Amino acid sequence: MIEDIKAICNGRLGTLAYFYFDFKDSSKRDIRSLLSSILFQLSDQSDESWSILYRLYTTHREGLNQPREADLTKCLQDMLNVNGQRPTFIIVDAVDECPSTPGLPSARKKVLDLVEDLVNSYRDLRICVTSRPEQDIRMVLEPLTSRHISLHDQEGQQGDIANYVRFVVHSDQTMRRWRPEDKELVIGTLIERANGM
């Protein structure tokens, strides 16, 4: 999907930014990392967006002071409001890997609030968000679009998971020594509880 949208944007028909949340990488788990990445990518595709980001940079003592999340959000809004702005495509992958910890508000809640605000505020914004179907995420995202696509229950997705689990069980040196019925029990249980992942 990203490569297809890049082709559209290379034809000067739009701008693209994408971000992957990753629970294993602390620098890819919150709204600050999402916004910073998107701002950098969009500023690289437009002189006007670059000027907006540069103003943010200079008002924060040329990088000596960290901007607040609200400042980063305002910078993105300013970029999306540029006159004559081409359609902007933003892809956000694996929102479920953004922590949803108790607190005021969680990192995931901040991201979901941002997505909801962007979808409701910008007509020329095309946003794609991927995630496991966790309840808090579904509650925010499902009302925002009529184009909800779930791959979790798709036969191809389930088949890929089953093939991967079988491969690991049959190729792992320790597991190869297990009894056939134990291997099948593990394979069956993991496939059943994979929940699309």
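The largest cavity is lined by Leu 34, Ile 38, Leu 76, Ile 90, Val 92, Leu 114, Val 115, Leu 118 and Ile 127. Helix H2 (31–43), strand S2 (88–93) and helix H5 (107–121) each give two or more residues to this lining. H5 gives the most, with 3 residues. By class, the lining has 9 nonpolar, no polar and no charged residues.

This is a predicted model: local features need pLDDT of at least 70, side-chain atom pairs count only at pLDDT 80 or more, and totals for chains, interfaces and linings use all residues. Residues are numbered from 1 along each chain as its sequence is written, and side-chain values use heavy atoms, without hydrogens and water.

The structure holds 2 cavities of 30 Å³ or more. On a 1 Å grid over the protein atoms alone, a cavity is a set of points where a 1.4 Å probe fits but cannot get out; a pocket is an open set with protein on both sides within 12 Å along at least five of seven lines; lining residues have an atom within 4 Å of a point.

| Space | Volume | Lining by class |
|---|---|---|
| Largest cavity | about 50 Å³ | 9 nonpolar, no polar, no charged |
| Second largest cavity | about 40 Å³ | 3 nonpolar, 5 polar, no charged |
| Second largest pocket | about 260 Å³ | 7 nonpolar, 5 polar, 1 charged |

Among the residues that line the second largest cavity are Thr 15, Ser 46, Ser 49 and Gln 85.

The second largest pocket has 13 lining residues. Leu 53, Leu 56, Tyr 57, Pro 67 and Leu 72 lie nearest its centre. H2 supplies the largest share of the lining, 4 residues.

Definitions and conventions:
Points joined across faces, edges and corners; volume = space filled by probe spheres on them. Nonpolar A, V, L, I, M, F, W, Y, C, P; charged D, E, K, R; others polar.
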